[in-house]
Each structure stands twice: as C-alpha cells, then as structure tokens.
Amino acid sequence: NVQRGFHRLTLLTFSCFFIFFLLLPEKVFPVNFTVNPVRIFFDGRNRTNILTIKNEDEESVTLQLRAYAWKQDEKGENIYSPTKDIIFFPKIVTIKKGEEKIIRLGTNLSRDEHEQTYRLYIEEIPGPGTTESTAVRIIMKVGVPIFISPLKVDAQGSIEKKEVQKGKLYFEVKNNGNIHFIIRAVNVKGNDASGKEAFKTAIGGGYLHGGSSKGFTVEIPTENCLKMNNLEINIDTDRLSLIEKLNVLKEMCTL
C-alpha cells in the first residue's frame, strides 16, 4: 500500500509539472528597437535636435513618445512630471521591420543659471493580441535624457555626512554644481594600521543633478571592520573625482 501510494504521489507530481509546462507560453521576448543618440543636449547655439529610432524587430512596432520634467528629491530619487517644455514630432510612430524613423525635437526655453533636465520616454503600444499565439511580448519603455545646458558650467561635488556605526558606513554624495554628473562607481576600501587592505567593495551610482544629494550605505562584516584603521571613499564620475577618508574605531564595528 505504501509503495502504491508512493507511485500515485509520483504520478500526481509529474502530472502537475506537465500541466504547468503546457500552460507556459512558447516564448517570451521583448520588442527590439534602438535609439540614437542616447542623450540629447540643448545649448545657446543648438535648440533643436533629432532622434533616430530603428526597429530591429521582426515585426512592425508602434511607439508613443511623451516628455517629462526630470527632478530629484532630497534623497536623490527621480521625480517625473508631464511637461510642454520639450517640443517633439511625431508623438506616435509606426516603424516597419528594419526601418528607421526620425523624431524632431526642440525647446523654446532660454538657458538658465542651472541646468534643466528632462526625459523623453519612448514606449511600445502593444498591437491586438491573437488567441492562437502563446507568445508573450514584453512592453519596452526607454527614457532618453534631455539636458538644457546652463549659461556657465560649474561642476562641483563633495562627500558629506560620512560615519561608521554598528558596522555600517553611511555617506552622501553632494552635487554642489549647476550641472549633472554621472556617478560611474563608488569604491570603498578599508585598511588596517599597517596599510594592508582589510575590506573592499564597489557599487554603482547613476545620475545626480546639480544641487542634489544621494545617500549610500555599505555594510561591513564585523570581522573586516575590527581589522580596519581607516576607510577611503572614492567616487568616480564623468566630470570629476571625489576622495574622502575617515578613521575607524573598534566601537564603530559592533552593535
């Protein structure tokens, strides 16, 4: 009876997995299109530009375009709101397989003391589905950054509020300038009293607008933290590099 029950359970389990795989779609794929350039800049001499979208997919694709003002809050988080500051045409475009379409962009805004930032979102409009197909298409959405340059570029940055508590390093990267920079890498290295490396890690950063700050928290294993005499924070951006050091005491490493 036990053996018979085991066989029934095995058969039931196999049947469930078989039905599960039957219900899965045959394939899952995203629409494939490319945009060029990947960032758009307006300045005093150039207040218009073009964006080229190419359909790399095997089928025609219909895309909708929307412009948004792009701000960052006190934590460096992105905030988007619809805007008419960016003029573009067309707003909806259908592109055949292998075809390219040109989007014309412009702005009537004058340059300011601070850089003005926007994003143009390009989103697929899904076509009518067919009941025969079990394929699933992933809806693609691409945001192209748009920047209106300031009258005079002032790129500045700093590392602030750095501290180690309970084995966690916290610090903020502040953009003190009037133009964005891209944080390519945040490198943190801990050394012991002899200068030997005791800890090392690297994380990404992303865009940071002028006047904005972004906080970072790095967890340091207690074993490594207790060996450390100091920490070095190295921020690599596309405009400047920032380096800060701080001493580490053993009481900073434990709860």
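A: In this predicted model, the second largest pocket has a volume of about 180 Å³. Its lining is made up of 13 residues, and those closest to the centre are Lys71, Glu115, Gln116, Thr117 and Gly210. Sorted by class, the lining holds nine polar residues, two charged ones and two nonpolar ones. Two strands, S5 (61-72) and S10 (116-124), each give at least two residues to this lining.

Strand S5 also has a partner strand. S5 and S8 run antiparallel and are joined by four bridges. Within this pairing, Gln64 stands opposite Ile92 of S8. Strand S8 spans residues 92-95 and has two faces: Val93 and Ile95 are on the covered one, while Ile92 and Thr94 are on the uncovered one.

Aromatic rings come next. A search of the whole structure gives eight aromatic pairs. One of them is the stacked pair of Phe41 and Phe147, with 5.4 Å from centre to centre and 25° between the planes. The angle falls under the 30 degrees that set the limit for stacking. This pair connects distant parts of the chain, since Phe41 belongs to strand S3 (residues 40-42) and Phe147 to strand S12 (residues 141-148), 106 residues apart. Phe41 has 34% relative accessibility and therefore counts as partly exposed. Phe147 has 0% and so counts as buried.

Phe171 and Phe216 make up another stacked pair, at 5.5 Å centre to centre and with 20° between the planes. Here too distant parts of the chain are linked: Phe171 is in strand S14 (residues 168-175) and Phe216 in strand S18 (residues 213-219), 45 residues apart. Phe171 and Phe216 are both buried.

Ring pairs also build a cluster, whose members are Phe41, Tyr68, Trp70, Tyr80, Tyr121, Phe147 and Tyr207.

The last item is the sulfur link. The structure has one disulfide, formed by Cys225 and Cys253 with their sulfur atoms 2.1 Å apart. Cys225 is in helix H2 (residues 222-227) and Cys253 is in the segment after strand S20 (241-247), so the bond ties together parts 28 residues apart in sequence. The link of Cys225 and Cys253 is left-handed, with -70° about the S-S bond. Both Cys225 and Cys253 are buried.

Definitions and conventions:
Residues are numbered from 1 along each chain as its sequence is written. This is a predicted model: local features need pLDDT of at least 70, side-chain atom pairs count only at pLDDT 80 or more; totals for chains, interfaces and linings use all residues. Side-chain values use heavy atoms; hydrogens and water are left out. On a 1 Å grid over the protein atoms alone, a cavity is a set of points where a 1.4 Å probe fits but cannot get out, and a pocket is an open set with protein on both sides within 12 Å along at least five of seven lines; lining residues have an atom within 4 Å of a point. Grid points are joined across faces, edges and corners, and a volume is the space filled by probe spheres set on the points. Ala, Val, Leu, Ile, Met, Phe, Trp, Tyr, Cys and Pro count as nonpolar, Asp, Glu, Lys and Arg as charged, and the others, Gly among them, as polar. Buried means under 20% relative accessible area, exposed over 50%, partly exposed in between (1.4 Å probe, protein chains only). Two strands pair if DSSP finds at least two bridges between them. A disulfide is a pair of cysteine sulfur atoms within 2.5 Å. Rings of Phe, Tyr and Trp (its six-membered ring) pair if their centres lie within 6.5 Å; planes under 30 degrees apart count as stacked, over 60 as edge-to-face and the rest as tilted.
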